[in-house]
Amino acid sequence: LDVCPSCGGSVKQDPDTLDTWFSSAMWTWSTLVDKEKALDMSMSLQDLLDASPEYKKFHPTSVMETGYDIIFFWVARMILMTTYATGQIPFETVYLHGLVRTRDGKKMSKSNPETCIDPLEIIPKYGADALRLSMIVGQSPGNDFRLYEEKIGGYRNFVNKLWNASRFVLLKCEEANVIPLELQMENGKWKMENFSLADKALSSSLQDLIDDVTNGLNEYKLSEVGERLYSFTWDFFCDWYLEVSKGEANCEVLVHALRTLLILLHPYCPFVTEQLWSEFAPKDADKLIKTAWPKVDSSLINKEALEQFNLVVEVISTIRKLRTEQSIEPGKKVNVQVYIEKENNLLSQKDNIERMTKCSLEIVLSKKELKTENVVSSFLQDLEIHIPLEGVIDLDKEREKLNKEKVKLLGFLKGIEGKLGNKQFMDNAPKDVVEKENAKKVTAEDKLKKIEERLKALGK
């Protein structure tokens, strides 16, 4: 149009403006051309591309990461425009992420500012790494996900956990008056004669982690890799290896493992890992972002040590669980008997098990007569765990409490079964109501079973 239909004024198109999606369609190659030569109107497009070093080095690109909602507006047009203009495809892979939504499912959009989380407000409160993690871990390609402050706060806890674990490692190394540059090697092999069971298990499991993370990133399994790193760092390294290390710290293994974790975590939380790397990097090492990616060292793989360490973890977890179930005071020391069918490394970890479960541990190879009354037991593969309760808790008081709970549960179950056995109720009640009642019944039956097991252990 030359004339505005509303006011009658003249209309002229701005000669220096491109349509948003049209200009974006040229993004992969137009950003790489030589800016000075681009002003030379005598050059053809092909001549300009041939004279642009960055274009020749980086084009075509490898991966295009974008939301699925603009496949037509942007991705398709980029492919068509770039192929037409340059004769090359713009990228080899398109990775589609989902849309970010609020807690109640509304799409976050700058058109509706009230739906958005402002990074400039969130980052000072929770940190950029926590925000980054919350938008990667738990999200599968192409699926929408919900983002809210509590979720970001959860990943801040993870970042804090990593920071505190690093401070603990640094403290242990300062106590030993050494921060080793590398594990000691001899003829290209790690010197492992001073490795504890936990050291061997950690070194072995780290090789599996390196393999899983490397393959996962190559296959764009960003969320799965993030979950694997989160679980390994929090559960295996912090909650188990470092807890064991409080009794027998090996500074070389501590530093080597932490360095490996910092490298693997760097794509997910780059800021805190770069800062921690400045404390733990080998002498004259470059910044973390320039550090070589770790490779699997087959000489450190020790499946037997890992299985034995996992058994120690299972024993400690079982004793803690039994203590909780029997309402034993956290600080109260108890006697624990473990019967094993064949010799293993459990005996070498006796001090650690006692320290981490507040118990006096007796480990025996042969079974002997065991008084089953007033004893709580758990059966694992190839071993049994028994805790005598006499003198540990008030047996009469505990029996009375459990019997009251049992009577209450029996009455509750009678009411549920009566309702579910009522034909009129079953015919008229909505399906979801019936499902809820059945779920209540299953939960109550499970709780009743546990109470009866505890009463049996207490010699009812």
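1. On terms: strands (E, at least two residues) and helices (H or I, at least four) are DSSP runs, numbered from the N terminus. Two strands count as paired if DSSP finds at least two bridges between them.

2. Basis of the model. This is a predicted model, in which local features need pLDDT of at least 70, side-chain atom pairs count only at pLDDT 80 or more, and totals for chains, interfaces and linings use all residues. Residues are numbered from 1 along each chain as its sequence is written, and side-chain values use heavy atoms, with hydrogens and water left out.

3. Inside the sheet. Strands β7 (residues 334–340) and β10 (residues 383–388) run antiparallel and are joined by 4 bridges. Q337 lies opposite H386 of β10. Contact means heavy atoms within 4.5 Å.

4. Backbone points to check. Most residues other than glycine have a negative phi, and most peptide bonds are trans. The H59 to P60 peptide bond is cis, with omega near 0°. P60 sits in the loop between α4 (53–58) and β1 (61–67). S327, not a glycine, has a positive phi of about 55°. S327 belongs to the loop between α13 and β7. K358 is also not a glycine, and its phi is positive, near 55°. The loop between α14 (350–357) and β8 holds K358.

5. S327 is partly exposed, at 42% relative accessible area. K358 is partly exposed too, at 45%. The classes are: buried under 20% relative accessible area, exposed over 50%, partly exposed in between (1.4 Å probe, protein chains only).

6. Helix α12. Which residues of α12 (residues 270–280) are buried? They are P270, V272, T273, L276, W277 and F280. These residues lie on the same side of α12 because they cover an arc of only 160° around the axis. The arc is that of the directions from the helix axis to the C-beta atoms. The buried residues pack against α7 (128–134), α8 (149–175) and α11 (251–265). Exposed F271 and S278 are on the face turned away from the buried side.

7. Q207. This residue is in helix α9 (residues 197–218). Q207 counts as buried, because its relative accessibility is 4%. Where does its side chain reach? The side chain of Q207 reaches the backbone oxygen of S203 at 2.9 Å. Leaving aside neighbours within four places in sequence, Q207 is in contact with K295, V296, D297, L300 and I301.

8. K406. Buried or exposed? K406 is buried, with a relative accessible area of 19%. K406 is part of helix α15 (residues 395–420). The C-alpha atoms of K406 and I122 are separated by 49 Å. Along the chain, K406 and I122 are 284 residues apart.

Notes
A polar contact is a pair of N or O atoms within 3.5 Å; within protein, one must be able to donate a hydrogen and the other to accept it, and residues adjacent in sequence count only if both atoms are side-chain atoms.
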